Amino acid sequence: MRAVMCRELGEPESLVVEQLPTAPCSAHQVRVHIWASGLNYVDALFVQGKYQIRPQLPFIPGSEIAGEITEIGEQVQGFNVGDRVFASIGLGGFADEAVLSPSQIVPIPDRLSYAQAATMTQSYATAWYSLTQRTQLAPEEWVVVLGAAGGVGLAMIDVARAHGAKVIAVASTSEKLRLCIERGAHGVIDSSTEDLKTRVRELTGGGADIVVDPVGGPLAESALRSLGNNGRYLVIGFASGVIPSLPANQILLRNRQVIGVDWGAWAMGNPADNATLLGEVIAAIEEGAITPVEPQSYALAEAGTALRDLLDRRLVGKACLSS
Ligand SMILES: NC(=O)c1ccc[n+]([C@@H]2O[C@H](COP(=O)([O-])OP(=O)(O)OC[C@H]3O[C@@H](n4cnc5c(N)ncnc54)[C@H](OP(=O)(O)O)[C@@H]3O)[C@@H](O)[C@H]2O)c1
């Protein structure tokens, strides 16, 4: 098998593709030929050694895959060779095959390509968990999405729209904002030229109901101040690299709330509940209520370039590695 190997923590350019021995597939496992591996911000953090979990070196990064079953252990039931499946696997995704347990794999909805299936679990599960469990989004509410043309951001737009909300997308370039409009945002704000609080107040006629923040950094305080009465601020991540300090008086004012979201930890601690949540996401995809974006594709050997593009904010929308 071919795999992208991280032999030392550091910059993504140090990643190399290696030929590895084929792993055995036991009676209780399936072998999946990986056609697409999803690229996520967290993969870059793992490679840089900046994630809260540091895997033992060497390791194969990549936490989301989609592919085709090529071998089935004799004790495995419910799957066949040739089935299209996707999985969240923690690590090992930047490769052309993986040996997995049947409990890890899920059939790909007919509507989705391998690339879409490989890039949707983390972002859509986070969006669904945020907007239906950490807070309950109501129809007609105004949702402001920061980093809206990123993976989490685009999923938030889609899920919020599916629940009848009105979405304001915030991003840093006109190309990113165009994609947000194509994906259904009702209003857009260019974070490189416009004042966030002023524009949100104008667009909503007073203030937003929810802010979704996967970015952190200097926009955070302005976004908090853009919330109206009973507004909720969802802390999702810090793609800017800066953890913001939010002034407590701005939380008190207008009875606002700041809510943390840690889908990964919740999913690991509550696998049955997470399976139910993923089932809700898949049902919404099958009904056509939500549609993950078609990602741009890089070759396995371009993993370093792809992660660099992500870290340097050049990516517009999602990306995957194809084998
Ligand atoms: N809490 C959870 O459960 C959970 C789950 C999944 C992901 N996350 C976290 O959410 C964050 C976003 O993930 P993602 O997959 O959406 O990432 P992504 O696809 O790379 O998008 C991040 C966005 O952040 C913006 N950004 C602003 N400053 C940046 C900088 N210095 N470097 C890179 N991006 C910057 C960029 O948009 P502009 O250029 O338009 O500003 C970019 O589109 C990450 O921190 C990730 O770890 C959290």
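**View 1. Helix H5 has an exposed side and a buried side.** Ser174, Glu175 and Glu182 are exposed on one side of H5. Lys176, Leu177, Leu179 and Cys180 of H5 are buried. An α-helix has 3.6 residues a turn, so residues three or four places apart point the same way. Helices (H or I, at least four residues) and strands (E, at least two) are DSSP runs, numbered from the N terminus.

The model is predicted: local features need pLDDT of at least 70, side-chain atom pairs count only at pLDDT 80 or more, and totals for chains, interfaces and linings use all residues. Residue numbers start from 1 along each chain as its sequence is written.

View 2. Of the 6 residues of E9 (residues 166-171), 5 are buried, so the strand is largely enclosed by the rest of the structure. E8 (residues 142-145) pairs with E9 in the parallel sense, over 4 bridges. Two strands count as paired if DSSP finds at least two bridges between them. Which residue of E9 stands opposite valine 144? It is isoleucine 168. From E8 the chain crosses through helix H4 (residues 151-162) to E9, a right-handed β-α-β crossover. Right-handed means that, with the strands pointing away from the viewer, the path from the first strand over the helix to the second runs clockwise.

E9 also pairs with E10 (residues 187-190), in the parallel sense over 4 bridges. Here valine 170 stands opposite isoleucine 189 in E10. The chain crosses from E9 through H5 (residues 174-182) to E10, and this β-α-β crossover is right-handed.

**View 3. The ligand lies between two domains.** Domain 1 (2-120 + 292-322) and domain 2 (122-264) both give residues to the shell around the ligand, so the ligand lies between them. The domain bounds come from an automatic or database domain assignment. Which of the 31 residues around the ligand come nearest? They are Gly147, Gly150, Gly151, Val152 and Gly237. A residue is near a molecule or strand if its C-beta atom, placed from the backbone, lies within 6 Å of it. Helices that each supply at least two residues of the shell include H1 (41-48), H3 (121-134) and H4. By class, the shell has 14 nonpolar, 14 polar and 3 charged residues. Ala, Val, Leu, Ile, Met, Phe, Trp, Tyr, Cys and Pro count as nonpolar; Asp, Glu, Lys and Arg count as charged; the others, Gly among them, count as polar.

**View 4. Helix H3 is mostly covered.** In H3, 11 of the 14 residues are buried. Among them are Tyr124, Trp128 and Tyr129.

View 5. Most residues other than glycine have a negative phi, and most peptide bonds are trans. A cis peptide bond joins leucine 57 and proline 58, with omega about -15°. Proline 58 is in the loop between H1 and strand E4 (64-72). Arginine 254 is not a glycine, yet its phi is positive, about 65°. Asparagine 255 has a positive phi near 55°. Arginine 254 is in the loop between helix H8 (248-252) and strand E13 (257-260); asparagine 255 is also found between H8 and E13. Arginine 254 has 13 C-beta neighbours inside 10 Å, so it counts as partly exposed. Asparagine 255 has 11 other C-beta atoms within 10 Å, so it is exposed.

Key
A residue is buried if 20 or more other C-beta atoms lie within 10 Å of its own, exposed if 12 or fewer, and partly exposed in between; C-beta atoms are placed from the backbone.
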